[in-house]
Amino acid sequence: MQLPPAARSRTVTAVLGPTNTGKTHLAIERMLAQKSGLIGLPLRLLAREVYAKVVDRAGVDAVALITGEEKVIPKAPRYWVSTVEAMPLDLQTGFVAIDEVQLAGNLDRGHVFTDRVLNLRGQSETLLLGSMTVRPLLEKLIPGLNVVTRPRMSVLTYAGSKKVSRLPARSAIVAFSSDEVYGIAELIRRQRGGAAVVLGSLSPRTRNAQVELFQNGDVDHLVATDAIGMGLNLDVDHIAFAGTRKYDGYQYRQLTPAEMGQIAGRAGRHTRDGTFGVTGRVDPPDDELVERIESHQFNGLKVLQWRNSALDFSSISALKRTLDSAPREDGLARAPISDDVSALEHLTRQADIVDMARGRREVELLWDVCQVPDYRKIAPANHGDLLCSIFSHLIQDGNIDEDWFTRQLAFADRVDGDIDTLANRIAHVRTWTFVANRQDWLADPDHWQGVTRGIEDRLSDALHDRLTQRFVDRRTSVLMRRLRENAMLEAEITSSGDVLVEGQHIGNLLGFRFAPDAGADGPDAKTVRAAAQIALATEIESRADKLSRSENPDFILTADGSIRWRGEAVAKLVASDDVLAPSALLLADENLSGPAREKVQERIDLWVKAQIELLLKPLVDLKAGEGLDGLARGVAFQIVEGLGILERQDAAEDIRQLDQDMRASLRKYGVRFGAYTIFVPSLLKPAPSQLLAQLWALKNDSLDMNGLAELPQLSASGRTSIPVDTSISPALYKVVGFRVCGGRAVRVDILERLADLIRPLISWKPLDKEVAPPEGAIEQGGGFTVTVAMTSLLGCAGEDFAEVLTSLGYRFETKEVQRPVVKKASDSAEAPATESAAAPADASGEKTDAPAEQVAGSEPEANADGSADDVAPSEAAEDPAPEASVAADNEAPAAEGGASETESAAELAEGEMETVEIQIWRPGRSDRRPRNRGQDNRRGDNRKGAGRGDKRAHGGKGGPGGKPHKGKGGAGGGPRRDKAPAKDKPIDPDSPFAALMALKENMNSKDKS
């Protein structure tokens, strides 16, 4: 019903003023003073807030809530809280209030507000609440209107421009698009711990939950669109504009001063003053605008939007005609075409809809269907098609088909997806929530109201969770709230080292160091860490006590030089002047101090010392040198300096001058005098080798060098030789017990076993022509051929083995020899029974895994006078198994001598001989000079065939003739090459040799007789 102008002012009072004047509170108080009342609010969210307040005062049975998507109506309500659009027009209540009446000038919703302002009245009292901008039009349209103005209860001042990251706590940042809102919220989360988000597209439940985050102090910042300017009561101290342009549904435009004042007025509640300003991306407002906002002086509205509410439903054309009616009063303007009118136009373009809307009831129903809001905002045509389906069901079936309704709900009944996806589903289900709240559209509206509300609530909760996960750091928000409450923060440390304050993870205790989370930084980071110090101090004190009483197995040394205690890094080795006495640097912060720190340092130092003394005991003892005198102490020093490895050629002169007592004193410390290397076999074990490599790398500041982790593992695997990696330092090979020999690195103890195999072959000399030479020896002596035992020992053959021999100072010569042809006993396909010595049998698969300390046998040594000790072959240098395939390295007579060994598998072809080429290795010649201290150019320096290695490696007493050489050979290569054998000479009958031979012949003749 439309009231005439003269009757509009009856019982009406306009309460006008800026924000924070208590207008809404006044309306609630006045309504509760009446027997019945109705209040209309601009937002469903605000309606929910007022409903809760009235229920607290009057009881739940006395208050009804009506919105487009929700109806809570008890049996006999006295008070009604509603959105303006949903206000019941047929109620007769003693009190009526309409909030934010200045919205009557809004292009989209203004006509609804105008209708309520002009036509809806309470029997006893009507309050129109709004801003001063609407006063001129109200006084014009409602003659005799009683106007009451209320001043703002707090002061609003301009605070200037500030970056988002520098905004004070309890600030709301206003933007005008979802992308801007999300971007600002992300920034605040990273720098300030998080922000609540309020958008017009959020469901009321989601908006309430987000606002609650801000209200209860979980976050100190709110990022919102201009929706917060519509009556939301927030504890905001500062409003910051992140933009001043908005899209109003028709165009992008600048905010009006009144709109900016409405939004800025949200700062400051009750008597607490507020401020407003802009962010760094917005130009500061001019002084005039600032003054108008601070003084709340704005231009009044020029017109109110109006649409005829006295509609004629006799026909579709009559309905359209009345909707097109123009206002007849000054101050009113016909509202633009709204969504419901557009929907009507869409539906009436379809013939079947027009056919169904023939009577008044049908036309009125059609208009009711057009009132369904387009929450989805997909497209007008899409929304029109949906309304066509609803209207068709209502006309044809009397109500909406429940199966069809269920299928529509199914599209939205999912809680997966991101923020935008969930927001779209909420918009979809809100349409069906609105439909379900029409009492005569569904067979069981109460049931479907519960279903749709349940879906919307689930989606709203999921959306709130997504918003919170994305824009709120829960840890920071909880801590900030507790700090604001001035409460003592509770801190604890879990068994895994997680540091928790108020149940929120702020870092980890790693050994004796506190490592804060990267995200724990913030304005209150120092306070939070201070709270954690109490728990940290207690835990670190406890850990220090436990460490000081820990057993040695609780500690380990890692590859990077860190000392770990029960898995936690507590110290790091640091090089000192003595490679065997590194320092331990504690990995601890200021929380470990005083006696506790000293106690930890002492225990770790003790473990480092014990570990070195345990694994490297021979070196430690050699360094002490008890019982070593003179030259022996000097050699011991060189061995320690080389970490247990001393190449013989580097100390040949000193070693030559050691007498047997000195040698014996060094052997007591585990020193072995090898042909090529003086070393300590027990240090070649995996654990000592690993520790030596680490100490060496630490001393050379190369803990990250290539091969430091791999080489000790290869040594521990039992490999006797490995291919050389050129990216690994040769010095590192030496430290772990390998010697680089050409393309392969061979364990030093294996080289000594190889020397044990070669030595008797070179020194062998035939005394009886009928005696076949041993395998690998040659008839005239002074050389050898490669055997399977040699290649099997080193785990390599062919060119690799040849490179090893060459690096040791040997040289080879090829020679053709005659030997009988060997045939297989079977008639199967023929195959060579043996291989040429030029390509020795590859026995790389037969690796020797015996540890260095198990290598037995005498050691080739030289006495102080230069004579040689008697040397026996090593036990590890035994002949290979008889069934092994052996190259025919010897001369033809040697091959004949060995024929009987293979008679079971092969037979000699009678009278057939073959020519084969073999390699004969001999101690080679080298121009390399020995590096002995005090070396001079005495005779022997330029002798033919002088080798790099010590002569003890090959000839026992020098050359094959058994006489000692007078030259000074090195320790790294083979001895000098033997001279060509002298021609046979007649024996002097008077010589002792003649007498011995005669005696021997006499004994032989007696044996035969």
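Colleague: What should I know before I start?
Modeller: This model is predicted: local features need pLDDT of at least 70, side-chain atom pairs count only at pLDDT 80 or more, and totals for chains, interfaces and linings use all residues. Residues are numbered from 1 along each chain as its sequence is written, and side-chain values use heavy atoms, with hydrogens and water left out.

Colleague: Which residues of helix α29 are buried?
Modeller: F801, V804, L805 and S807. Buried means under 20% relative accessible area, exposed over 50%, partly exposed in between (1.4 Å probe, protein chains only). Helices are DSSP runs of H or I, at least four residues, numbered from the N terminus.

Colleague: Why are they on the same side of α29?
Modeller: They cover an arc of only 165 degrees around the axis, which puts them on the same side. The arc is that of the directions from the helix axis to the C-beta atoms.

Colleague: What follows α29?
Modeller: G809, with a positive phi near 105 degrees.

Colleague: New topic. Where is K599?
Modeller: In helix α19, residues 594-615. K599 is partly exposed, at 29% relative accessible area.

Colleague: What does K599 touch, leaving aside neighbours within four places in sequence?
Modeller: A544, D545 and S548 are in contact with K599. Contact means heavy atoms within 4.5 Å.

Colleague: And the largest nonpolar core, how many residues?
Modeller: It has 70 residues, and I604, L616, L622 and L666 have the most contacts inside it. Such a core is a set of buried Ala, Val, Leu, Ile, Met, Phe, Trp, Tyr and Cys residues joined through side-chain atoms within 4.5 Å. Apart from it lies another core of 64 residues, including V363 and F405.

Notes. Helix = DSSP H or I, 4+ residues; strand = E, 2+ residues; numbered from the N terminus.
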